[in-house]
Amino acid sequence: MNSVVISGTGLYTPEYSISNQELVESFNAYVNKFNQDHAEAIRNGEIEPLQESSAEFIEKASGIKSRYVLDKEGILDVGYMHPHLPERSNEEQSVQCEMAVSAARQALAEAGRSASDIDFVIVACSNLQRAYPAVSIEVQAALGIEGFAYDMNVACSSATFGIQAAYNAIQSGTAKAVLMVNPEICSGHLNFRDRDSHFIFGDACTAVLLERSDLATVKGYEIVGTKLQTLYSNNIRNNFGFLNRCDERGVGAPDKLFIQNGRKVFKEVCPMVSDMIQAHISEHGIGSQDLRRLWLHQANLNMNVLISKKVLGRDATREEAPTILDTYANTSSAGSIIAFHKHKEGLNSGDVGVICSFGAGYSAGSVIVRKQ
Ligand SMILES: CC(C)(COP(=O)(O)OP(=O)(O)OC[C@H]1O[C@@H](n2cnc3c(N)ncnc32)[C@H](O)[C@@H]1OP(=O)(O)O)[C@@H](O)C(=O)NCCC(=O)NCCS
């Protein structure tokens with residue numbers, strides 16, 4: 001079996017950022033307008049008034065202070081409240097392809113590689129902007145890569161599942177070098193009129209380059225092992241899909257966007273993830289005292305504090321469990337890879353860390369890496 005190394009990573013960050021304050025101002029203007037427009041029905045007890053959101057609540061409950069987005073104007077426009085991304089012709093690069101190519105070029109440069117060295121492309125993310133042709137094949141063509149490509153979706157765990165697919169392919173010899181990218185346009189599936197979740201997500205794209213260790217030209221992060229877990233749950237769900245038009249009654253309903261029972265997710269996913277990491281490291285004879293870094297999925301700061309404490313048996317320092325939630329918010333599968341991309345330096349040769357994702361499905365993935 002070939003050994004496998006992560007030799008490069010890349011990150012595309014959209015140019016616009018929205019602070020909690022800006023988001024809440026727009027949301028509260030919507031709430032006030034709604035309550036005014038429905039004043040009589042509210043007075044008659046026919047409908048409940050909407051409640052205002054609060055920037056302080058958002059930061060305290062999630063650790064999020066701002067998020068990057070592809071379009072700011074449409075999201076903050078009280079009469080619109082979603083990103084405005086004009087459709088492109090079939091001859092133009094799709095938005096996801098453009099994001100992926102930007103992140104991929106950084107990963108290739110860091111690894112000292114060019115497109116001709118890659119033979120497999122994976123696009124792994126929560127939402128694909130079209131059914132087909134696969135976005136990964138468009139990325140492959142845009143970069144001039146020969147070989148094969150496919151898309152995959154395991155929601156927030158798409159990147160770790162993508163890493164395992166790449167790892168398996170390189171180990172078994174069906175690929176030599178794999179580009180795995182995560183173009184996440186989470187603002188597209190977020191209901192900005194829902195007080196419980198309007199603050200959760202941001203947009204970003206990450207790229208990970210994985211290679212056969214003996215062929216790599218830079219010292220990277222050797223994959224020690226991967227472990228995946230899934231457990232069916234309706235607590236995070238989005239019913240958007242190609243069959244929606246077959247029953248017009250549901251078109252445009254709130255369940256065709258992201259919905260969740262955040263409290264339940266918090267309670268159920270934290271133990272699932274800490275148990276998985278502990279089992280995974282012990283399968284490889286690694287103790288929690290040997291872990292130098294935990295690059296965790298970035299959904300909620302309080303969740304990460306809890307998970308890292310359970311895994312390490314003590315509070316993790318900010319260096320040991322880095323967070324990017326404050327500026328990026330939840331970028332779905334890109335989150336743990338952004339944490340890895342921005343905070344992978346400072347490890348010594350032989351140091352071990354874990355990249356870990358979790359989210360809808362439920363799905364969770366753990367990737368143990370050792371600095372070369
Ligand atoms: C979503 C999340 C941040 C909410 O935090 P929480 O502490 O669970 O908050 P709750 O939903 O229980 O709400 C607590 C209170 O704040 C209120 N509240 C909710 N949203 C609010 C907002 N935007 N502004 C002000 N108050 C708000 C609620 O009405 C509730 O009030 P009550 O106590 O009077 O009933 C948190 O549950 C979470 O992150 N869960 C994990 C989600 C996750 O990982 N999902 C994966 C997605 S990929």
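The model is predicted: local features need pLDDT of at least 70, side-chain atom pairs count only at pLDDT 80 or more, and totals for chains, interfaces and linings use all residues. Residues are numbered from 1 along each chain as its sequence is written, and side-chain values use heavy atoms, with hydrogens and water left out.

- Leaving aside residues up to four places away in sequence, Phe-358 touches Cys-156, Ser-157, Val-269, Val-273, His-297, Met-303, Asn-304, Ile-307, Ser-363 and Ala-364; contact means heavy atoms within 4.5 Å.

**Ligand**
- Of the 18 residues around the ligand, Cys-156, Arg-195, Gln-260, Arg-263 and Asn-300 come nearest; a residue is counted if one of its heavy atoms lies within 4 Å of the ligand.
- The shell divides into nine nonpolar, six polar and three charged residues, where Ala, Val, Leu, Ile, Met, Phe, Trp, Tyr, Cys and Pro count as nonpolar, Asp, Glu, Lys and Arg as charged, and the others, Gly among them, as polar.
- α3 (55-62) and α8 (262-283) each supply at least two shell residues, and α8 gives the most, with four.
- Ligand oxygen atoms lie 2.6 Å from a polar side-chain atom of Arg-263 and 2.7 Å from an N or O atom in the side chain of Asn-300.
- A ligand nitrogen atom is 3.2 Å from a polar backbone atom of Ser-54.
- Taken alone the ligand exposes 970 Å², of which the protein buries 72% (Shrake-Rupley method, 1.4 Å probe).

**Ser-66**
- Ser-66 sits in strand β3 (residues 66-69).
- With a relative accessible area of 12%, Ser-66 is buried; buried means under 20%, exposed over 50%, and partly exposed in between (1.4 Å probe, protein chains only).
- Among the residues that Ser-66 touches, not counting those up to four places away in sequence, are Ser-17, Asn-20, Leu-325 and Tyr-328.
- Ser-66 and Phe-120 are 54 residues apart in sequence and 35 Å apart in space, C-alpha to C-alpha.

How values were computed. Polar contact = N/O pair within 3.5 Å; in protein donor to acceptor, adjacent residues only side chain to side chain.
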